[in-house]
Amino acid sequence: MKDYSGKVVVVTGGAHGIGAEIARRYAQAGAAIALFDIEAPALETMAEELRTTGATVLAVHGDVADYAAVGDFADRVFESFGRVDLVFSNAGVISAGTIWEEPVEDWDWLLGVNVKGLVHTAKAFTARMSAQDFPSDIVNTASIAGLLTVENSPAYVASKFAALGLTEVLDLQLQGIGSPVRAHAVCPAVVSTDLGRCNEHRNQPEFNPADHPYLQSTDYTKRWAVVEGSLPLGMPVEDAVEVIIEGVESNTFLILTHPAYNPAIAGRVQLLLSGSHPQLVQR
Ligand SMILES: NC(=O)c1ccc[n+]([C@@H]2O[C@H](COP(=O)([O-])OP(=O)(O)OC[C@H]3O[C@@H](n4cnc5c(N)ncnc54)[C@H](O)[C@@H]3O)[C@@H](O)[C@H]2O)c1
């Protein structure tokens with residue numbers, strides 16, 4: 001990893017999982033870190049952990065689905081540090097269900113975080129980063145679920161296909177204006193993180209999942225168990241973040257942490273071009 005002394009690294013969803021490990025690695029490499037997260041106590045714990053290693057840290061509590069909050073965060077980052085070198089737009093949540101039964105509130109929540117969160121972060125940071133007279137990067141966390149469909153989690157798949165598409169467009173538009181900012185999309189398969197706890201971060205005080213009949217049903221319970229059960233079996237977060245850092249440093253656009261899935265990605269494109277329907281993998 002390069003030396004990041006004097007550089008500023010921004011991480012949304014930096015209190016847990018992939019974002020927390022990204023923050024640790026760049027702090028160890030000398031960067032000042034700006035964290036933004038919806039979970040206040042975990043955010044403070046993370047900020048303290050980084051400070052005890054000597055890092056300069058700005059920690060701001062907020063919701064990426066709230067554009068005003070992300071805009072205020074960006075203002076505070078530029079006021080505090082005067083520059084931004086890397087933005088990891090990483091906050092994300094997951095749900096499960098059938099399209100016809102999953103509550104619309106799930107879609108509102110999930111698309112607000114996983115899609116609009118990326119839009120808000122790009123809007124708040126990229127114009128000012130473009131005006132800087134040095135190269136910088138914005139790294140959007142999509143998922144392998146932005147390249148391969150997972151029958152269990154329709155809102156998540158829709159959000160991650162959107163994340164990949166909007167990151168490509170962002171990169172094209174930055175190239176179009178001759179910006180020194182490059183966009184990247186990260187597409188991990190399963191990584192061992194706290195993503196299975198994301199229902200605790202719902203930003204909908206008026207919506208109680210315990211009141212929704214589908215979210216109490218056997219079908220939902222089975223589907224959610226697949227999500228929760230897979231995460232502890234995933235790649236260690238340290239290994240995933242190593243690949244992400246290498247990808248950004250080598251200016252890779254599409255950063256794939258699990259190359260074992262590459263043949264499946266090629267196979268999906270071939271299947272679509274053949275006119276065949278997607279193939280159901282029995283659970
Ligand atoms: N873990 C995996 O297997 C996996 C695979 C592919 C992609 N991803 C993606 O990686 C990213 C990071 O997830 P993770 O696995 O580290 O999960 P995680 O739950 O460990 O970390 C996500 C962080 O985002 C924060 N967050 C959630 N909602 C937020 C909001 N509205 N505003 C601000 N912060 C919010 C959480 O508090 C948490 O700190 C997500 O975009 C996720 O979709 C994860």
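**Entry 1: cysteines**

A disulfide is a pair of cysteine sulfur atoms within 2.5 Å. In general terms, it is a covalent bond between the sulfur atoms of two cysteines. I searched the whole structure and found zero disulfides. Cys187 is in none, and the nearest cysteine sulfur, that of Cys198, is 18 Å away. Cys198 is likewise in no disulfide, its nearest cysteine sulfur being that of Cys187 at 18 Å. I then asked myself: is Cys187 buried or exposed? Cys187 counts as buried, at 1% relative accessibility. Buried means under 20% relative accessible area, exposed over 50%, and partly exposed in between, using a 1.4 Å probe and protein chains only. Cys198 is buried too, with a relative accessible area of 1%.

**Entry 2: a note to myself on the model**

This is a predicted model, where local features need pLDDT of at least 70, side-chain atom pairs count only at pLDDT 80 or more, and totals for chains, interfaces and linings use all residues. Residues are numbered from 1 along each chain as its sequence is written, and side-chain values use heavy atoms, with hydrogens and water left out.

**Entry 3: around the ligand**

Next I looked up which residues surround the ligand. There are 30 of them, and the closest are Asp37, Asp63, Tyr156, Val191 and Thr193. To be near, a residue needs a heavy atom within 4 Å of the molecule. I sorted this shell into 15 nonpolar, 10 polar and five charged residues. Here Ala, Val, Leu, Ile, Met, Phe, Trp, Tyr, Cys and Pro count as nonpolar, Asp, Glu, Lys and Arg as charged, and the others, Gly among them, as polar.

I also checked oxygen atoms of the ligand. A backbone N or O atom of Ile18 lies 2.8 Å from one, and a polar side-chain atom of Lys160 lies 3.0 Å from one. For Leu195, a polar backbone atom is 3.3 Å from a ligand oxygen. Taken alone the ligand exposes 820 Å², and the protein buries 99% of that (Shrake-Rupley method, 1.4 Å probe). The elements giving two or more residues to the shell are α1 (17-28) and α5 (154-176). Helices (H or I, at least four residues) and strands (E, at least two) are DSSP runs, numbered from the N terminus.

**Entry 4: strand β5**

My last stop was β5, residues 136-141. Six of its six residues are buried, so the strand is largely enclosed by the rest of the structure. In a regular strand the side chains alternate between the two faces of the sheet. On one side of β5, Ser136, Ile138 and Asn140 are buried, and on the other Asp137, Val139 and Thr141 are. Four bridges join β4 (residues 86-89) to β5, and the two run parallel. Strands pair if DSSP finds at least two bridges between them. In this pair, Val87 stands opposite Ile138 in β5.

Key. Polar contact = N/O pair within 3.5 Å; in protein donor to acceptor, adjacent residues only side chain to side chain.
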